[in-house]
Amino acid sequence: MTQPILSIRDLTVEIPTRYGILRPVDGVSYDIAPGEILGVVGESGAGKSMAGNAVIGLLSPPAHISKGEIHVNGTRIDHLKGDAMRKLRGKQIGMVFQDPLTSLNPLLRIGDQLTETILAHLDVTRDQAQQRAIAALEEVGIPGARERVNSYPHEFSGGMRQRVVIALALCAEPSLIIADEPTTALDVSVQAQIIALLKQLCRTRGTAVMLITHDMGVIAEAADRVAVMYAGKLVELGPVRDVLTKPSHPYTDGLMGSTPLASRGKARLHQIPGAMPRLDNLPTGCAFHPRCPYSTDKCAADPAPTLQDGGGAAACFFPLPHKAKVA
Amino acid sequence: MLAYIIQRIAQSFLVLLVVGAVAFSMFRFVGDPIDNMLGQERTQADIERLRTQLGLDQPFPVQYVKFLAGAVQGNFGVSYRQGRPVSQILLERAPATLELAAVSGFLAISIGIGLGVFTAIRRDGFTANAIMSLSLIGVSLPTFLIGILLIYLFSVELGWLPSFGRGDTVRIGWWTTGFLTESGLKALILPSITLGLYQMTLIMRLVRSEMLEVLRQDYIRFARARGLRDRAVNFRHALKNTLVPVITVTGLQLGSIIAFAIITETVFQWPGVGLLFINAIQFVDIPVMAAYLMLISVMFVGINLIVDLLYFSIDPRLRADRTGGH
């Protein structure tokens, strides 16, 4: 097996507050292989984005990594600070944000934003950087890239801007892309194009992608594997087909049940009762047990088992038996 | 773009006309210049003769139109007190005020923006907090008090800098400059600090709050996520976006630097147009007052026009006629 691009082990992010320490990310471990798209799903506040920000070193203080390790291309990066971390950003880890309308600087030409990024990481001349900028725009499917390189962000539509954002994230050729809800702010038809683009770039370049979303449709469309997060913990991890069709964790099962599907007809959508607990008020034992239809006394008393990549598929004492898993 | 500029210039002229009318109508209430001009031993005939000679017996609209007609040709009449053309007096006095205002404005903008950026980037640092606390002094103390305190400290106690006047000046054509002599430069220090301190602290606090707002934006996070250096993020990306609202206020402040030079010039006996205006009020020297007010309003309107044009050069979204589109 090839070495994973990204390897997270027991990652824990803490935010000290006056009411105690919150853990928006709690003991999360997963790998992403070259050319693989890992979908990270969960409700708002489950810690998906926080994990992504931790990897790229952009946690806003006082949030910080308190435990665990992050390796990119075999190098440990979680303890890097200042300039050492800055050099990794863009060069090894690229990031795509949710809203293309706000993630481009409105006062700078997109060509300037591209070349400054290229010049910050690659040893090229200004002219070469300009050529690369045009090539990057062509690669993400901006028509007339040679002319459009001198345009300002407001001269592009939302979908085109997200393509520009992707070009910016990729222009220094990072091996890992963190895409934080890259399609949430876009029209449905444009969403599909952006997802297809991300997928194609990832396949041709062998870039690993951490695709953070709460959209199951996007996951089904793009991801190779899925990591499901709940209240800061990783609750299920597996190939997309298995997780979507045969979820092991009761939370994933509830999540899938609450996704509208054309095949289900007009039947009422399933709801998971209750809401995700606040981080300052987590229940004892498994964080999901108050909402879980299968919970027992053990779930309320003991912390759920931690999910290890390559180990079990769900962080649950009683994973759902869909198939002859016990083998 | 050109249509916009023409439209703005037309608007500016309208503003000037209204300002002139308001100012001119106020002069009827400041007193009768005849009282000051004629001595104790005057006859009713003397008064009538002078009144007719100065055109003060004519109705207000006629006086105003005459004033405008002269002003357009650069003729603001003759000063009642000095008996010389007002335009000549203003030309003599203007360099002193303009040099003082330029130095104050430069200090206010450069130090104000510099400290504003510094206090925004080092938001919780000790130095930044100290600067913020000190800036309260600049915002809250009245100008004349700052001037008097500076004179007390640097002229009276330490004896380093002159307390009044402009020092030696050098003539270049009709312009007199204090930049070229040591005493001229020394004399500039205290008045320009006094005049610019309020503007400086105001610009600094404004830049800081705008910058903090900009630093929270997604495009700043994205710039960081692309691994740009802090310097590029702070100055290339953040400062430029900060400047749009800052320019508005700064432009207005530059106008008021020239207008409020009156107080500073009085405290430091600076031989500029502000001091001229104060003396003119005491003497009800209507031509000088009218010309001064028109001059100040021309400057205000001009600065505002420049500010509006600066927006275009900074923010591409405003260049509406240059449509990119798709």
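## Contacts and model

Two residues are in contact if their C-beta atoms, placed from the backbone, lie within 7 Å. In chain A, residues 24 or more positions apart account for 65% of the contacts with a separation of 6 or more.

This is a predicted model, in which local features need pLDDT of at least 70, side-chain atom pairs count only at pLDDT 80 or more, and totals for chains, interfaces and linings use all residues. Residues are numbered from 1 along each chain as its sequence is written, while chains are lettered from A and ligands numbered from 1 in the order in which they are written.

## Chain A overall

Chain A has 11 helices and 10 strands. These are DSSP runs numbered from the N terminus: helices are H or I with at least four residues, strands are E with at least two. The radius of gyration, taken over C-alpha atoms, is 21 Å for chain A, close to the 20 Å that the globule rule gives for 327 residues, so chain A is as compact as a globular protein of that length. That rule is 2.2 Å times the number of residues to the power 0.38.

Along its principal axes, the C-alpha trace of chain A spans about 65 × 50 × 40 Å. Of its 327 residues, 46% count as buried. Buried means that 20 or more other C-beta atoms lie within 10 Å of the residue's own, with C-beta atoms placed from the backbone.

## The largest nonpolar core

A nonpolar core is a set of buried Ala, Val, Leu, Ile, Met, Phe, Trp, Tyr and Cys residues joined through C-beta atoms within 7 Å. The largest one has 152 residues. A:Ala167, A:Met210 and A:Leu211 have the most contacts inside it. Helix 8 (residues 182–215) of chain B gives the largest share of this core, 14 residues. Domain 1 (1–92 + 175–190 + 207–327) and domain 2 (101–173) of chain A both give residues to the core, so it lies between them. The domain bounds come from an automatic or database domain assignment.

Leaving aside neighbours within four places in sequence, A:Leu211 touches A:Ile37, A:Leu38, A:Gly39, A:Val40, A:Ala179, A:Ala222 and A:Ala223.

## Where the chains meet

The contact takes 29 residues from chain A and 23 residues from chain B. On the chain B side, helix 9 (218–225) and helix 10 (230–259) are the elements that give two or more residues. Helix 9 of chain B gives the largest share, 7 residues.

## Helix 12 of chain B

Helix 12 of chain B covers residues 273–283. Its buried residues are B:Val273, B:Gly274, B:Leu275, B:Leu276, B:Phe277 and B:Ala280. Their cover includes helix 5 (86–121), helix 11 (261–267) and helix 13 (286–314) of chain B. B:Val284 follows helix 12 of chain B and has a positive phi, near 50°.

Technical notes
A residue is buried if 20 or more other C-beta atoms lie within 10 Å of its own, exposed if 12 or fewer, and partly exposed in between; C-beta atoms are placed from the backbone.
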